[in-house]
Amino acid sequence: MMALQVAGCALPPLLARRRRRAFRSPRAVASDAAPAAAREEDGKVALGGSGVAVTKLGIGAWSWGDTTYWNEFQWDDRKLKAAKGAFDASIDCGITFFDTAEVYGAGISGAINSESLLGRFIKERQRKEKVEVAIATKFAALPWRFGRGSVICALKASLDRLGVSSVELYQLHWPGIWGNEGYLDGLGDAVEQGLVKAVGVSNYKKRLRDAYAQLKKRGIPLASNQVNYSLIYRNPEENGVKAACDELGITLIAYSPIAQGALTGKYTPDNPPKGPRGRIYTPEFLTKLQPLINRIKEIGGNYGRTPTQVVLNWLVCQGNVVPIPGAKNAEQAREFAGALGWSLTGDEVEELRSMARQVKPVIGFPVEKL
């Protein structure tokens, strides 16, 4: 097992064993002089101008309890234990930032919901020791949800599933077909009611600046924008989202940072991923990807790092980016932690970017055009 180098962290208030009392932290104020990159202190990065600090890498909990995209459409006790192992290993390695959503897992009305699992894992860990956890979750902009009140209602349901009375980051999961101004008002209300410490958006492009400006009128910084970003899917660089985040001081949270496993070296033309991912990362695509994977392996060998750790470090090297790879088990979580504590050279970063231009998965999300 490779030695893991992880920066220490000291995050926001501890999650108590019992449901926490509502905590209203001093609110950061949006300013005109936004930093170009996330501020770093004590191995942490601040989420935009919010004053909330998280580890430089987080863990995505999309797959926990999911039977629609991950887990070969089945969830059982074995996978539950593996997810719990991923949570504990992350904490052990110093990774304490977890991202979930009300629609992850079995969904809002499902018995097995990602938020519920994360809350359970935190509670079980707290029985053994005090741990510092930063929770991010998301509001689903469903067509039948209207106005600011829908945000507060959904947030309170999320807090109940998580077993806490506030979270570090609450995000709009995607731009709504309508009602976005009301949703943003709801985010501001959540901050002022002490239900969240910071607010963000996800999958925002054209509406990013409007969201930033609307919250700024209330003196509330837009802390983050969570988007699909990896070495082979660099739309945030190409469509101006990364530049806008840097300009405005909004932290870019990168989901699918290892391209749903395609950049780990695990899959080959003879062994493509199963399920829905197999329709994206086909044998033909994986054949084109192999030269890049081979070079990633070579670079990783020079540092004693795996391909997964190299591509995650590549994202960290972009500055103002917090990757949140999804961990299904303890082994994956420990490997992700090994992406920190070292750095690719500038030449290596640019070499990989240049090689990655030759291959790009045919994927896209309609919300990215909004």
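## Close-ups of a parallel strand series

**View 1. Strand E9 and strand E10 (residues 251-255) pair in the parallel sense over five bridges.** Two strands count as paired here if DSSP finds at least two bridges between them. Helices (H or I, at least four residues) and strands (E, at least two) are DSSP runs, numbered from the N terminus. Look for asparagine 228, which stands opposite tyrosine 255 in E10. This is a predicted model, in which local features need pLDDT of at least 70, side-chain atom pairs count only at pLDDT 80 or more, and totals for chains, interfaces and linings use all residues. Residues are numbered from 1 along each chain as its sequence is written, and side-chain values use heavy atoms, with hydrogens and water left out.

**View 2. Strand E9 (residues 222-228) is largely enclosed by the rest of the structure, because seven of its seven residues are buried.** Buried means under 20% relative accessible area, while exposed means over 50% and partly exposed lies in between (1.4 Å probe, protein chains only). E9 also pairs with E8 in the parallel sense, over four bridges. Along this pairing, serine 202 stands opposite glutamine 226 in E9.

View 3. Right-handed means that, with the strands pointing away from the viewer, the path from the first strand over the helix to the second runs clockwise. Which residues of H5 are buried? They are Leu208, Ala211, Tyr212, Gln214 and Leu215. Seen down the axis of H5, these buried residues fall within an arc of 170 degrees, so they line one face of the helix; the arc is that of the directions from the helix axis to the C-beta atoms. Their cover includes H4, E8, E9 and helix H7 (241-248), where contact means heavy atoms within 4.5 Å.

**View 4. Strand E7 (residues 167-172) runs parallel to strand E8 (residues 196-202), and five bridges join the two.** In E8, valine 201 is the bridge partner of leucine 172. Between E7 and E8 the chain crosses through helix H4 (residues 180-192), in a β-α-β crossover that is right-handed. Why is E7 largely enclosed by the rest of the structure? Six of its six residues are buried.

**View 5. Strand E6 (residues 134-139) is parallel to E7, with four bridges joining them.** Together with helix H3 (residues 147-162), E6 and E7 make a right-handed β-α-β unit.
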